[in-house]
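Let's take a walk through a protein together, one stop at a time. Have the sequence and the 3D view ready, and follow along.

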Amino acid sequence: MSSSSSQKRVAFIGLGTMGREMARNLLKAGYAVVGHDVNAEAVSELGAEGLQPAASPAEAARGADIAITMLPDTPHVEAVIEGPDGLASAPPAGRLIVDMSTISPVAVRRLHAGLKEQGVAFVDAPVSGGPVGAKNAALSIMAGGDREAFLAAEPYFRAMGTTITHVGGTGAGQTVKLCNQLICGINLQAVCEALALGRAAGVDLEQLRKVLLGGSAASWMLDRLGPAMIGGDASAGFRIDLMLKDLRLVLEQAQALTVPLPGTALVTSQYMEAKAHGEGSNGNQALFRVYDRMTNRA
Ligand code: NAD
């Protein structure tokens, strides 16, 4: 714990799968953390570790050096910043708000413009690395915004992540994150197809996975999600609903910029098929169930 960080105060809004681990790491690094979540249990869970509860985003931000949001989607971030008792109504004393959720780059630019008029800096800093990366303070953090604001937020990022990059102006963090999600979504489809073909041909799938991990087909998805797919475990992980949200944001930006993304469009339909079969709350490896159905193995 450093003496300077112990004097700093963080308002943290959104203590779900990712946010709770990130808030924990800020506490471990010596920051005072005041937390708010619409789910009271999410807040009380961290009480024993030193997190102070707040009844609203505005209350959490009182006297804080920075406010950080980690919420599901664009409307939640808009509500927490612009809604009643939101951060814009009572900005943190340090006049710095950082959103680390994955949301629309268009919304990010609008929020930035509104806050700038109030003299409040805003950084979009989505993350990659999942709950394990969040727990191990090993997230990859891709930040967009003014350089000065990024530098002010950087020490807090260091408590949560290892790869911290200022990727450009406001909204650039979200664009890089959407590129990340596009690759993850399509790569998972490729893994599903390889496993479906290998299975139909009678190949040992665990051996197939190990061999492929040693060559040019190796990927994070094959490595981390392959075992659950081979074992038929669809339950835990990055939810299909969140993947569909991210792919929607990818396609919205692609449409706005007239960039055809046929691979993303196709795999989005397949994630939607999984959701239509009740898999929305399952981890995104549940995409393999689509292939189970297509190959009459369901
Ligand atoms: P989550 O649903 O587990 O957590 C979100 C939290 O926000 C919940 O505790 C919820 O109660 C709270 N919340 C919702 N609306 C609120 C409001 N108005 N005020 C206060 N709290 C509110 O989601 P998560 O998995 O932690 O993901 C958060 C963000 O990070 C998403 O944008 C997601 O796409 C992104 N992300 C998730 C992962 C992952 O693996 N789960 C990885 C990278 C990025």
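Two more things before we set off. What you see is a predicted model, where local features need pLDDT of at least 70, side-chain atom pairs count only at pLDDT 80 or more, and totals for chains, interfaces and linings use all residues. Residues are numbered from 1 along each chain as its sequence is written, and side-chain values use heavy atoms, with hydrogens and water left out.

Our first stop is E45. Its relative accessibility is 41%, so E45 counts as partly exposed. You'll find E45 in the loop between α3 (40-44) and β3 (52-53); helices (H or I, at least four residues) and strands (E, at least two) are DSSP runs, numbered from the N terminus. If you skip its neighbours within four places in sequence, E45 is in contact (heavy atoms within 4.5 Å) with R20 and R24. T268 sits 223 residues away from E45 along the chain, and their C-alpha atoms are 35 Å apart.

Now look for K177. The UniProt record, an unreviewed entry, lists K177 under "active site"; UniProt positions are given in the numbering used here, feature names are shortened, and annotations may be inferred rather than shown by experiment. K177 lies in helix α9 (residues 172-200). Is K177 buried or exposed? With a relative accessible area of 6%, K177 is buried. Not counting residues up to four places away in sequence, K177 touches T102, P126, V127, S128 and M142.

UniProt also places "domain: 3-hydroxyisobutyrate dehydrogenase-like NAD-binding" (unreviewed entry) at residues 171-291. Over that stretch, residues 171-291, the chain is 72% helix and 0% strand.

Last stop: the ligand. Around the ligand there are 25 residues (each with a heavy atom within 4 Å of it), and the closest are T17, M18, D37, P72 and K245. By class, this shell has 12 nonpolar, nine polar and four charged residues; here Ala, Val, Leu, Ile, Met, Phe, Trp, Tyr, Cys and Pro count as nonpolar, Asp, Glu, Lys and Arg as charged, and the others, Gly among them, as polar. An oxygen atom of the ligand is 3.0 Å from a polar backbone atom of T102. For K245, an N or O atom in the side chain lies 2.8 Å from an oxygen atom of the ligand.

Technical notes
Buried means under 20% relative accessible area, exposed over 50%, partly exposed in between (1.4 Å probe, protein chains only). A polar contact is a pair of N or O atoms within 3.5 Å; within protein, one must be able to donate a hydrogen and the other to accept it, and residues adjacent in sequence count only if both atoms are side-chain atoms.
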